[in-house]
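Subject: Handing over the structure, with notes

Dear colleague,

I am passing this structure on to you, together with some notes on what was found in it. Please look through it first and then read on.

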Amino acid sequence: MKFTVEAETFKEALESVQVKGKTLTNNGFTSSNIGSYVYMNLEGNSLNIWNGNPTFVVNINVDVVGETNGTVITDSNTILPYLKAFGENVSFSVGDFITVSSGNKSASIPIVVNHPNMDAIDRLSKMVTHVSYQPVPLMLFNFGNAKYE
C-alpha cells in the first residue's frame, strides 16, 4: 500500500475516527473515545479509514494520490505526532512497517496485526456497501425493520 496525502486532512480524519466525546458510565459521564486502532483500505485514490467497537462503527473516506492499493491496521496515536511535525504533503508506504516521509524527514511506524473489533468493522462495512451520501436522500435504507436517512 502506497499513497500521498495532505497532512492536515489526514490528521483530522485520524482524530475524527477516534470519536472522542462524553460517554455514560456507572458513575456518570466521562470523556473517552472508541479507541485509536484504525483499519485503512486504499482503493485507487480513495482511502477508507475504519474504527469501531462492538456497538459503533465509523468510516471516513479521504482523497489521496494512490499508487499501490492495500490494507493496513495501525495505531493512529503513533501517526498523529508525525503529521503535525512533517510538511504539507506526506507519503505513506506500507511494508513490514509503515514508512511516513515528507521532504527529507521520514519515520517508521509499527503495524498492528489485528484490530480489536475487526469483526464489527467487517460486518458493518458489508452492510453499508450500497449506501452513498446524498444531501437529500432519494431512498431510505434499512437495517432490520428500522429505516434510516
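Two strands are taken to pair if DSSP finds at least two bridges between them, and the strands themselves (E, at least two residues), like the helices (H or I, at least four residues), are DSSP runs numbered from the N terminus. This is a predicted model, in which local features need pLDDT of at least 70 and side-chain atom pairs count only at pLDDT 80 or more, while totals for chains, interfaces and linings use all residues. Residues are numbered from 1 along each chain as its sequence is written, and side-chain values use heavy atoms, with hydrogens and water left out.

Of its 149 residues, 36% count as buried, where buried means under 20% relative accessible area, exposed means over 50%, and partly exposed lies in between (1.4 Å probe, protein chains only). Among the contacts with a separation of 6 or more, 55% come from residues 24 or more positions apart, a contact being heavy atoms within 4.5 Å.

Strand S4 (residues 37-43) is mostly covered, since five of its seven residues are buried, and six bridges join S4 in an antiparallel run to strand S8 (residues 70-75), with tyrosine 37 standing opposite aspartate 75 in S8. S4 also pairs with strand S5 (residues 46-53), again in the antiparallel sense, over five bridges. Within that pairing, leucine 42 stands opposite leucine 47, and glutamate 43 has serine 46 in S5 as its bridge partner. The hairpin of S4 and S5 has two residues between the strands, and glycine 44 there takes a positive phi near 65°.

S5 itself is largely enclosed by the rest of the structure, because seven of its eight residues are buried. Eight bridges join S5 to the antiparallel strand S6 (residues 56-63), a hairpin of two residues connects S5 to S6, and asparagine 51 is bridged to valine 58 in S6.

An open sheet is formed by five strands in the order S7-S1-S9-S10-S11, with antiparallel pairing. Strand S7 (65-68) and strand S11 (105-109) stand at its edges, each with a single partner strand, so one side of each is left without a neighbour in the sheet. From one strand to the next the twist averages 20°. Within this sheet, strand S9 (residues 89-94) and strand S10 (residues 98-102) run antiparallel and are joined by four bridges, and serine 91 has serine 101 in S10 as its bridge partner. Helix H1 packs on the sheet, touching strand S1 (2-6) and S9, and its direction makes about 95° with that of S1. Helix H2 lies across S9 and S11, running at about 175° to S11.

The two helices also meet each other. Two packed helices are described by the angle between their axes and the distance between the axes. Here H1 (residues 7-16) and H2 (residues 76-85) pack at an angle of about 155°, with their axes 10 Å apart, which makes H1 roughly antiparallel to H2. For these values, axes are lines fitted to C-alpha atoms, for helices over the stretch in contact, and angles run from 0 to 180 degrees between N-to-C directions; angles under 35 degrees count as roughly parallel, over 145 as roughly antiparallel, 65 to 115 as roughly perpendicular and the rest as oblique. On the H1 side Ala7, Phe10, Lys11, Leu14 and Glu15 take part, and they meet Ser76, Ile79, Leu80, Leu83 and Lys84 in H2.

Is serine 76 buried or exposed? Its relative accessibility is 0%, so serine 76 counts as buried. Leaving aside residues up to four places away in sequence, serine 76 touches Leu14, Gln18, Ser36 and Val38.

With best wishes
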